[in-house]
Amino acid sequence: MPEREITFGQALNEAHLAEMERDTNIILFGENVSSQWREATKGLKERFGRERVRDAPITETAFIGAGVGAAIVGMRPIVELMLADFGLVAMDQILNQMAKSTYMSGGKVSVPMTLRVLTGAGTSSGATHSESLHGLFAHMPGLKVVVPSSPYDAKGLLISSIRDPNPKIFMEHRLLYPVKGMVPSEAYEVPLGDANVVREGSDVTVVANSLMVREAVKAAEEVEGDVSVEVLDPRTLVPLDEDAILRSVGKTGRLVVVDEDYLRYGFSGEVVALVSEKAHGKLVAPPIRVATPNIPLPYNQRLERELLPNKEKIVAAVRKVASR
Amino acid sequence: MSLEEGKLADLYRVMVRIRTFENAVRKLTREGKIPARFGLYTGQEAVAVGVSAHLKTGDQIGSTHRALGHLIAKGCDLHRLMAELMGKEAGFNHGKAGPYHTFDPNTGALGANGVVGGSVPMTAGYALADQIKKNRMVAVSYFGEGGSNQGGVQETLNLAACWQLPVVFVCENSSPEVQRMLGHEIDYPQLSIDNVSLRAKNYGMPGSTHVGWDVEEVYRTAGRAVRRARSGKGPTLLEYKVHQLEGNLEGRLESNEKERQWDPIELMGKKIPRTLSDKIRADEAANVQRAIDFGLSSEEPAPEQAYTDVFREVS
């Protein structure tokens, strides 16, 4: 397949385009999805018409719920949520109806809907415009949670998500949108539940997701020569590629987990729990979590930086765990 | 009936204060002195000013993500507001809030809100407390035509009518002709009706629609609704049509010369003597400059500030 360099946002756009061409049951709606300023969806209304591509009023409960309903009766909705924090307005539709309908119906119905969610801090936007929240969605039974970190994964994972017959929360960090990478022009799938070894190493395993994969790679490069760091990106939190994590930790014996989501009751704790339950004897040092403390994200940039994980904090954690 | 000149000048002064402050904010944002871009109130000043002219310090407002006009009209200190927008320690909220989450309970600004429709249910709570305390205070709940559709807003209209709460709902409809969201001309309308106030009847409260660029009309109509709430007769839904003159949240919509005809400050300026309006503009420019100087010379919060206020200390 011919590859060329495009942005994360363009990769998402291509995934929509390819899948909507393939399957006329795919419909798309959300706030301003027909806008030329929204990179993931621009041009789709012109291509597929306003029947299939619809701007929705600012009513998250209504349009997310409409996605759930349309999915149950055979459509393949892609619904966009402008920011993860705004999804909290629609918790019933997401965490009850979307997540549980398959099980509650004894498998009589399914919800093949993809809820695309923009996430992420680092833009000085304050406490209700900055959250990641993937841990919240991953906590609820019934939702697959997809967290791409590169243009290649963004396209392949979105295509897989659209084709998967279950409800998916597909989370796109805002700061990844301008990131460029090599992406095939054809449609392709990156399977859900298949981790990516972004960088091989032998001393320390760093498990990270979304934007933090990039910070982890920068940290690994900085300590190169002193510490050999393996960076593992699970790519989906549900399903979680446990084997890949256990394999890597089995090799290195040391674990750092990096997450922009809140520290407590989240992804970082889940990975540490997995390793302590299933690979306890392999660890030669206590694992370290580098995640956002459970504090609402402040507006001031200095305060925001204080709380968010970054390359420097990962480097410190890697050096510490490597010294044990 | 026209207002007397002194009253007009008072209203004009606050409108000019908001406009001057926001013009400064726009410039400071471009220069990187304010770290984030956010929604401004330019073109809507007559609404906040006409409403707030009837409010007392103890009356509370719930606002939106275009809060600066509401906050300034309610009487928030410009120095601390500017410091907050710059993320400084001397800001109302130690630089943790920024434009979307500013709280200033002492002046009854409770507060800006980053979630569309998010403040509206809480505002009913401010009014509930007033009702129980029998203090003859009222609450004002600001939201836009976009926010008017949110489930929480619709539920609150119902609750406020059922409980006859002393609250005035103020919907600022900024899509009076073409329906837009963040400057984007949407392909399906957000509203299937022309006037949001039509919904008032369904919830059992009075509702009416007015032009939001004429401060005298806002003043008169808001006065009736605030008096009604204060005297225990229950909620009202007021809708004001407004034109946002300086583009959308992200500055992508070119400001439209045609829309200048709805500039509430230009319209108002014609009604008071030139010498007075000149003086007011000069006063407010100096006022805002002092706020800028205060903000720029204020300290950044210490890193430790990031960790405080998650919980209040148990006393």
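**A sheet, a helix pair and a contact between chains**

In this predicted model, strand 2 of chain A, made of residues 26–30, runs parallel to strand 4 of chain A, residues 76–81, and five bridges join the two. Within this pairing, A:Gly30 is placed opposite A:Glu80, a residue of strand 4 of chain A.

These strands can be followed into an open sheet of chain A, which has seven strands in the order 3-2-4-5-7-6-12 and whose pairing is mixed. Strand 3 (53–55) and strand 12 (236–238) of chain A form the edges, and because each has a single partner strand, one side of each is left without a neighbour in the sheet. On average, and with direction ignored, neighbouring strands of this sheet are turned by 20° against each other.

Turning to chain B, the reader finds helix 1 (residues 5–30) packed with helix 2 (residues 45–52) at an angle of about 135°, their axes lying 9 Å apart. The two helices of chain B are therefore oblique to each other, and helix 1 of chain B passes helix 2 of chain B in a right-handed crossing. Helix 1 of chain B brings B:Leu11, B:Val14, B:Met15, B:Ile18 and B:Arg19 to this contact, while helix 2 of chain B supplies B:Glu45, B:Ala46, B:Val49 and B:Gly50. Sorted by class, the contact between these helices has six nonpolar residues, one polar residue and two charged residues.

The chains also meet each other, in a contact that takes 31 residues from chain A and 32 residues from chain B. On the side of chain B that touches chain A, there are 15 nonpolar, 13 polar and four charged residues.

Conventions. Residues are numbered from 1 along each chain as its sequence is written. Chains are lettered from A and ligands numbered from 1 in the order in which they are written. This is a predicted model: local features need pLDDT of at least 70, side-chain atom pairs count only at pLDDT 80 or more; totals for chains, interfaces and linings use all residues. Two residues are in contact if their C-beta atoms, placed from the backbone, lie within 7 Å. Ala, Val, Leu, Ile, Met, Phe, Trp, Tyr, Cys and Pro count as nonpolar, Asp, Glu, Lys and Arg as charged, and the others, Gly among them, as polar. Two strands pair if DSSP finds at least two bridges between them. Helices (H or I, at least four residues) and strands (E, at least two) are DSSP runs, numbered from the N terminus. Axes are lines fitted to C-alpha atoms, for helices over the stretch in contact, and angles run from 0 to 180 degrees between N-to-C directions. Angles under 35 degrees count as roughly parallel, over 145 as roughly antiparallel, 65 to 115 as roughly perpendicular and the rest as oblique. A crossing is left-handed if the near helix is turned anticlockwise from the far one by less than a right angle, and right-handed if clockwise.
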